[in-house]
Amino acid sequence: MHSLPRLKLKCCCVDCLQRINWCEQQGGPKVPLEHAERKVPIPLIYMANRFQVLRGADKLSFYKLRDDAECSMCITTCCHTLMFADHPCYSGNVLVGMPAAATWQGLEEKEAEAYIQIQDWDPEDYVQLEPKLPGSYTDHMAAPEEKFGIAKPGSLEPDDKSLLMEIFGPFFSPPPEGPGIQFKDLPGAETPWNLGLAEDRSSKKLQLSDSSAAGGA
Ligand SMILES: [Zn+2]
């Protein structure tokens, strides 16, 4: 792994917590209470998708939370640590890591630049979060071109969307050429095992699909 993360964000989504909760339940690292109780969003670091596996390649396995989950997680079979994960929206450029439940020797610190998936956090609690940072959201009911937006720091008021490109810029630059391999090169990475877990009830997407099933009430 490259020692300097490209980007750090804090994720408010329910799936991120479910990932590290699952690892803990299998005997993996304990999820810090502030995250388990959803008081503090989960830090995510994004690293260039180019790395070397020095040892233990046979102990890497791949999972997804449920059938329609797009994120493939690389989890060790020995200590159930989530090493990193890939998602189609990274276009093979970056991988995401969750320092709340894994440590990497020699990885440098970086300040978080934004909250993401803020639609999954309680709105009243969200505006109280510190530090105040821009927050990106997905509006699951909106037309495709209106789906993603960004809110001003410490607020739910929409900000200029050009900020999105600024924040997510690191997603768009390709990883350095070798040496090393990429996520897709790991055996099984592209065919993750489906854990079949139900989506957490505080998922905004789930609430919306429930209410439309119930006649939009
Ligand atoms: Zn998340």
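The model is predicted: local features need pLDDT of at least 70, side-chain atom pairs count only at pLDDT 80 or more, and totals for chains, interfaces and linings use all residues. Residues are numbered from 1 along each chain as its sequence is written.

Start with the strands. Strands here are DSSP E runs of at least two residues, and helices are H or I runs of at least four, numbered from the N terminus. Strands pair if DSSP finds at least two bridges between them. β4, residues 72-76, pairs with β5 in the antiparallel sense, over four bridges. Serine 72 has aspartate 86 in β5 as its bridge partner. Five residues separate the two strands of this hairpin. In the turn, histidine 80 has a positive phi of about 45°.

Is β5 buried or exposed? Buried means 20 or more other C-beta atoms within 10 Å of a residue's own, exposed means 12 or fewer, partly exposed lies in between, and C-beta atoms are placed from the backbone. Five of the five residues of β5 (82-86) are buried, so the strand is largely enclosed by the rest of the structure.

Now the core. A nonpolar core joins buried Ala, Val, Leu, Ile, Met, Phe, Trp, Tyr and Cys residues through C-beta atoms within 7 Å. The largest one has 42 residues. Those touching the most other members include Leu82 and Met98. β2 gives the largest share, six residues.

Last, glutamate 113. It sits in the loop between β6 (94-97) and β7 (114-116).
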